[in-house]
Amino acid sequence: MTIREVSERYGLSADTLRYYERVGLIPPVPRTESGVRNYDASSLGWVELIKCMRSAGVGIESLSEYCRLFQQGDETLEARKALLVEQRRQLLERMEDMQRSLNRLDEKINSYEQDLACKERELRGR
């Protein structure tokens, strides 16, 4: 796949894809004889992983570390797992914070709805 096709498929700009490759988040993408990037299944797998991790709030530094460890081979399995476990813990913490915020917003909305219902009853003379 060309960079344009990958960009459209994953909703990432071509510049973002080039950046991910340049900083090592995506291993070097195979190229055609004329030098055009030709994303293969492996490259697409990395794009999907990075997109997922970024959506989960994983920082570039942590992703770089994960990719660096991956490239070192199987002797880094435990370190990679530990990194992912820590990122999962942080994500759960953010989700709990977001849930608290959502609950508070729901309380405020409910309060406004109750106030509006009360005002409507007053206007109707009840």
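**Helix α3 and its neighbours**

Modeller: Helices α3 and α4 pack with their axes 10 Å apart and at an angle of about 145 degrees, where an axis is a line fitted to C-alpha atoms over the stretch in contact and angles run from 0 to 180 degrees between N-to-C directions. The crossing of α3 and α4 is right-handed, meaning that the near helix is turned clockwise from the far one by less than a right angle. From α3, the residues W46, L49, I50, M53 and R54 meet I60, L63, Y66, C67 and F70 of α4, contact being heavy atoms within 4.5 Å. By class, this contact of α3 with α4 has nine nonpolar, no polar and one charged residues; here Ala, Val, Leu, Ile, Met, Phe, Trp, Tyr, Cys and Pro count as nonpolar, Asp, Glu, Lys and Arg as charged, and the others, Gly among them, as polar.

The model is a predicted one, in which local features need pLDDT of at least 70 and side-chain atom pairs count only at pLDDT 80 or more, whereas totals for chains, interfaces and linings use all residues. Residues are numbered from 1 along each chain as its sequence is written, and side-chain values use heavy atoms, with hydrogens and water left out.

As for α3 itself, the helix covers residues 41–55, and its 15 residues reach 21 Å from the first C-alpha to the last, close to the 21 Å expected at 1.5 Å a residue, the expected span being 1.5 Å times one less than the number of residues. Helices here are DSSP runs (H or I, at least four residues), numbered from the N terminus. Within α3, the residues S43, L44, W46, V47, I50 and M53 are buried, that is, under 20% relative accessible area with a 1.4 Å probe and protein chains only. An α-helix has 3.6 residues a turn, so residues three or four places apart point the same way. The cover over the buried residues of α3 includes α1 (3–10), α2 (14–22), α4 (60–72) and α5 (77–123).

Turning to α1, its axis and that of α3 lie 12 Å apart, and the two helices pack at an angle of about 35 degrees, again in a right-handed crossing. V6, R9 and Y10 of α1 make this contact with L44, V47, E48 and K51 of α3, which by class gives four nonpolar, no polar and three charged residues. Just after α3, finally, G57 takes a positive phi of about 90 degrees.

How values were computed:
Buried < 20%, exposed > 50% of the residue type's maximum accessible area, 1.4 Å probe, protein only.
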